[in-house]
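Below are a few notes to read alongside the coordinates.

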Amino acid sequence: MERPQWSALRGVVEDLQRTIDNAAQTREQMLEVTGTAWSDDRLIKAVVGPRGQLIELEIDPRIYRTPNSKALSATILSTVKAAIEDANKKTRDIMDKVMPKDKGLGLLGKTDVDVMLEHHDADLPQALKKKDEEGHGYLS
């Protein structure tokens, strides 16, 4: 029987304690996250909050020179989606800094939070369902 890696396990516990001690500060950092994106033509700018909600939308008046409602709608959606990806990346960066490190023990896998940050709302139910079907509970 293999001996436990006590030093690695102790490191995980210490990291977890640090995470708990810094929870309020981490929460504040995550609540301040914003994501920003510009359309390819630089005529639309979208800013989203930490949960992906749209908080600012700038549309350059030059967009009306060639009116096309379907193209405008698609451009707005793709720009907002890019802003959400930016906010999600910033949130993942914060989480990566504060979450306990696995120390190679295989104890901490991908959580539902990871899945949520990697998928857009429209894709999330299917991603979580797939994770459950693969036999991964809250931790994979």
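1. I began with a bridge pair: G35 has V48 in β2 as its bridge partner. Please keep in mind that this is a predicted model. β2 covers residues 44–48, and four bridges join this strand to β1 in an antiparallel arrangement.

2. The connection between these two strands is worth a look. β1 and β2 make a hairpin, with five residues between them. In the turn, R42 has a positive phi of about 65°.

3. Which residues of β1 lie on the covered face, and which on the uncovered one? Over residues 35–38, G35 and A37 belong to the covered face, while T36 and W38 belong to the uncovered face.

4. Taken together, the three strands form an open sheet in the order β1-β2-β3, with antiparallel pairing. β1 and β3 (54–59) are the edge strands, each pairing on one side only. On average, neighbouring strands of this sheet are turned by 10° against each other, with direction ignored.

5. What lies across the sheet strands? Helix α3, residues 69–98, lies across β1, β2 and β3, and runs at about 40° to β2.

6. Finally, a surface point: W6, L9 and V13 make a nonpolar patch of about 300 Å². Of these, W6 is found in helix α1, which spans residues 6–21.

Technical notes: Residues numbered from 1 in each chain as written. Predicted model: local features only at pLDDT ≥ 70, side-chain atom pairs only at ≥ 80, totals over all residues. Heavy atoms only, no water. Buried < 20%, exposed > 50% of the residue type's maximum accessible area, 1.4 Å probe, protein only. Pairing = 2+ DSSP bridges. Patch = residues over 30% accessible without salt bridge, like charges linked within 9 Å, V, L, I, M, F, W, Y side chains within 5 Å. Areas by Shrake-Rupley, 256 points an atom, 1.4 Å probe, with all protein chains shown as cover. Salt bridge = Lys/Arg side-chain N within 4 Å of Asp/Glu carboxyl O. Axes fitted to C-alpha atoms, helices over the stretch in contact; angles between N-to-C directions. Contact = heavy atoms within 4.5 Å.
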